[in-house]
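Subject: Structure handover and what turned up in it

Hi there,

Here is the structure I promised to pass on. Have a look at it first, and then read on for my notes.

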Amino acid sequence: MTAETLAANTPDPTTSHGPAPDPAQYALMAAALDYIEANREAQPGLDEVAEAVGLSPAHFQRSFSAWVGVSPKRYLQYLTLDHSRRLLAERFTVLDTALEVGLSGPSRLHDLFLRWEAMTPGDYAAGGKGLEIAWDWIGTPFGEALVMATPKGVCGLAFAEEMGRHATMADMRARWPDATFRQDAAAIAPHAAAISAQLASRTAEPVRLGLHGTPFQIKVWEALLSIPSGQVTTYSEIARAIGHPRAVRAVGSAVGRNPVSWLIPCHRALRRDGALGGYHWGLPVKRALLAWESARAEA
């Protein structure tokens with residue numbers, strides 16, 4: 001790829017077209033989750049969090065409880081340091097059936113009900129050559145997110161809260177170095193709406209995915225899709241489930257390379273000792289995702 005082609009093909013990650021789905025609610029929830037996460041050790045009370053997001057305590061309590069399913073105080077309990085260990089002890093998922101779903105064609109996968117199709121190894125090795133990827137920024141309660149899609153479906157979902165727009169865009173774009181990228185709000189809008197609907201309801205219409213990875217990575221991501229919302233598993237359990245019990249480090253690497261965050265729930269993978277482990281888009285985002293799913297599961 002020439003320098004001129006690269007320059008023409010490099011998107012400007014600081015621009016955005018079109019409104020984010022449910023922008024007012026998402027902005028409010030993002031601010032609340034961010035404040036609670038940042039101040040979790042101080043255990044802020046309802047009045048303090050409500051003031052931080054500019055609402056009366058009563059209004060904030062109703063809005064937060066309606067979206068998360070539990071009160072702000074209860075949600076805060078899910079952000080304590082030992083929450084991941086409790087999850088591992090109480091909501092551990094054994095992935096005996098992780099590979100029951102085939103690797104190609106439309107499939108309904110667990111509680112997210114995703115339809116997905118994996119690219120061929122040859123296409124993956126080509127580095128995205130000939131692939132056209134549309135992208136745009138959307139708002140989510142877990143911060144701003146970058147959505148990328150091909151005609152087959154969503155191929156990328158990345159949270160920019162910790163890394164910022166430029167680093168997030170560069171990270172995702174490097175996964176398909178020879179692809180053509182274009183900012184296209186109209187192309188992303190239906191995917192954004194499907195993602196928004198999944199946040200609101202587990203019975204929403206399926207989100208279509210077009211997965212791009214090695215056969216080993218696809219197996220790991222498929223295993224992740226078998227972890228129910230509100231539950232967790234370990235990297236070693238994933239390795240055992242895909243038939244490579246000694247490949248724990250390779251599994252961890254594949255989990256970290258998951259290009260479709262949240263929908264492919266890499267945040268539900270923990271270390272064997274119950275520690276959170278890493279998260280490509282930042283541990284605060286991982287804690288928020290786990291706490292939110294635990295609260296909704298309980299509700």
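Is W262 buried or exposed? W262 is buried, with a relative accessible area of 4%; buried means under 20% relative accessible area, exposed over 50% and partly exposed in between, with a 1.4 Å probe and protein chains only.

Before the rest, please keep in mind that this is a predicted model, in which local features need pLDDT of at least 70, side-chain atom pairs count only at pLDDT 80 or more, and totals for chains, interfaces and linings use all residues. Residues are numbered from 1 along each chain as its sequence is written, and side-chain values use heavy atoms, with hydrogens and water left out.

**The overall picture**

The protein has 13 helices and eight strands. Both are DSSP runs numbered from the N terminus: helices are H or I with at least four residues, strands are E with at least two. Of the 299 residues in the protein, 51% are buried. Taking contacts between residues at least 6 apart in sequence, 71% join residues at least 24 apart; a contact here means heavy atoms within 4.5 Å.

The largest nonpolar core contains 77 residues. A core of this kind is a set of buried Ala, Val, Leu, Ile, Met, Phe, Trp, Tyr and Cys residues joined through side-chain atoms within 4.5 Å. The residues with the most contacts inside this core are F64, Y75, F142, M148, F159, W176 and L224. Apart from it lies another core, of five residues, including L87, V232, L270 and L276.

**The aromatic rings**

A search of the whole structure finds five aromatic pairs. Rings of Phe, Tyr and Trp (for Trp, its six-membered ring) pair if their centres lie within 6.5 Å; planes under 30 degrees apart count as stacked, over 60 as edge-to-face and the rest as tilted.

F142 and F159 make an edge-to-face pair, at 6.2 Å centre to centre with 80 degrees between the planes. F142 lies in the loop between β2 (132–138) and β3 (145–150) and F159 in strand β4 (residues 153–159), so this pair ties together parts that are 17 residues apart in sequence. Both F142 and F159 are buried.

W262 and W292 pair too: their ring centres are 6.4 Å apart and their planes are at 55 degrees, so this pair is tilted. It links distant parts of the chain, with W262 in the loop between α12 (248–256) and β8 (269–270) and W292 in helix α13 (residues 283–298), 30 residues apart. W292 is buried as well, with a relative accessible area of 3%. Ring pairs link F142, F159, W262 and W292 into a cluster.

How many cavities of 30 Å³ or more does a search of the whole structure find? There are two. A cavity is a set of points, on a 1 Å grid over the protein atoms alone, where a 1.4 Å probe fits but cannot get out, and lining residues have an atom within 4 Å of a point. Points are joined across faces, edges and corners, and the volume is the space filled by probe spheres set on them.

The second largest cavity holds about 40 Å³ of space. Its lining is made up of I138, T140, F142, L157, F159, I195, L199 and W262. Both β4 and α9 (185–200) supply at least two residues of that lining. By type, the lining residues divide into seven nonpolar, one polar and no charged; Ala, Val, Leu, Ile, Met, Phe, Trp, Tyr, Cys and Pro count as nonpolar, Asp, Glu, Lys and Arg as charged, and the others, Gly among them, as polar.

**Individual residues**

- A160 is found in the loop between β4 and α8 (165–173) and is buried, with a relative accessible area of 7%. The C-alpha atoms of A160 and W281 are separated by 7.1 Å, although the two are 121 residues apart along the chain.
- T150, in strand β3, is buried with a relative accessible area of 7%.
- W262 has a positive phi, near 65 degrees, in a residue other than glycine.
- Q43, also not a glycine, has a positive phi of about 50 degrees. Q43 sits in the loop between α2 (23–38) and α3 (46–52) and counts as partly exposed, at 44% relative accessibility.

As background for the last two, most residues other than glycine have a negative phi.

Best wishes

Conventions. On a 1 Å grid over the protein atoms alone, a cavity is a set of points where a 1.4 Å probe fits but cannot get out, and a pocket is an open set with protein on both sides within 12 Å along at least five of seven lines; lining residues have an atom within 4 Å of a point.
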